[in-house]
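Thanks for coming. I will take one structure in pieces, starting with a loop and ending with the ligand.

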Amino acid sequence: MFLKPGSNRVVLWAILQIGLGIIVISQGCCRLFPVLQFIHVEHIHLTRQLRLLNQLGVDVWVHRTTDRLWSADSAVPVSPPETDDIPGRDSLVPTSLEEIEKAVRSCEKCPLHQTRTRTVFGSGCPDADWLFVGEAPGAQEDRQGKPFVGRAGKLLDLMIAALGLHRSEVYIANVLKCRPPNNRDPRPDEVVQCEHYLQHQLALVRPKIIVALGLTATRALLKTNRGFRELRGSVHAYGDQDIPLVATYHPAYLLRNPGQKSKSWEDLWLAKTSIQAS
Ligand code: URA
């Protein structure tokens, strides 16, 4: 190859441009990686597994009968946390998360205390901007006393990482603090007995955004029986403080329906932009 005089500069310039291009693209990829990981992890594996199960005639996904919750349609705003209904502390306003956690540990308001191994209060940063609310502890959570530590929890970690955050930077809680036997759906009376703990947690953490994971959490927080399709895709206001609330799919549902992960990413993006706009 022959180069004309002066063409060295052109070659150097081209190399520099290509190098810069590679740096920009790789930085973009690094940012995108957690998002892609969240959207694609297990997709191939699960698709194959579902196909096999379908071929075997196995019903893989049974929709949970959460319609039992909140039978009257009421887009009623959530009432402010009541301050006098923590057992044993009737006249005291809880001033710290530790105080509510203590009350939860000794709670016997509903029969779930008879079957629980440990209460699952919540975990994370006490003044987090992001607060994720799930439904109820599962088997592993019941054993460890921490929310979202099983497979659904691993996916939640990926969702959080896709937002550029770590679990320790957000707060994670559930509507129920005790595991329903055999992971059955929470009963409306259990939700009512337990919801004040969550209300206090929300009032103390005062997040900039609440992400409700799944129908049960969304309905419990917004006190509505509206369908999930209606509830997804917009920013709701929680409580007197009007904390923005976005509903998305529960990670356990996403494990069964990985094709919906991109929709979940849309929800998380909506939540992120609503924080940035505030
Ligand atoms: N599912 C939930 O809703 N919460 C947990 O903590 C674990 C699984």
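Let me start with Asn-182, which sits in the loop between strand E3, residues 171–174, and helix H7. Keep in mind that this is a predicted model. The phi angle of Asn-182 is near 55°, which is a positive value in a residue other than glycine. Is Asn-182 buried or exposed? Asn-182 is exposed, because 7 other C-beta atoms lie within 10 Å, and the cut-off for exposed is 12 or fewer.

Asn-183 is found in the loop between E3 and H7 as well. Asn-183 also has a positive phi, about 55°, although it is not a glycine. With 14 other C-beta atoms within 10 Å, Asn-183 counts as partly exposed.

Now to helix H3, residues 97–105. Which of its residues are buried? They are Ile-100, Ala-103 and Val-104. These three cover an arc of only 100° around the axis, so they are on the same side of H3.

What do the buried residues of H3 pack against? The partner is helix H7, residues 188–205. The axes of H3 and H7 come within 10 Å and cross at roughly 170°. Because of that angle, H3 is roughly antiparallel to H7. On the H3 side, the contact involves Leu-97, Ile-100 and Val-104. On the H7 side, they meet Tyr-197, His-200, Gln-201 and Leu-204. The residues of this contact divide into five nonpolar, two polar and no charged.

Glu-108 is exposed, because it has 10 other C-beta atoms within 10 Å. How far apart are Glu-108 and Gln-193 in sequence and in space? They are 85 residues apart in sequence, and their C-alpha atoms are 9.8 Å apart.

Last, the ligand. Which residues surround the ligand? From one stretch of numbering we have Gly-134, Glu-135, Ala-136, Pro-137 and Gly-138. By type, the shell around the ligand divides into six nonpolar, three polar and two charged residues.

To recap, the buried residues of H3 pack against H7, and the loop between E3 and H7 holds Asn-182 and Asn-183. That is all from me.

Key
Residues numbered from 1 in each chain as written. Predicted model: local features only at pLDDT ≥ 70, side-chain atom pairs only at ≥ 80, totals over all residues. Near = placed C-beta within 6 Å. Nonpolar A, V, L, I, M, F, W, Y, C, P; charged D, E, K, R; others polar. Buried ≥ 20, exposed ≤ 12 C-beta atoms within 10 Å, placed from the backbone. Helix = DSSP H or I, 4+ residues; strand = E, 2+ residues; numbered from the N terminus. Arc of directions from axis to C-beta. Contact = placed C-beta atoms within 7 Å. Axes fitted to C-alpha atoms, helices over the stretch in contact; angles between N-to-C directions. Parallel < 35°, antiparallel > 145°, perpendicular 65-115°, else oblique.
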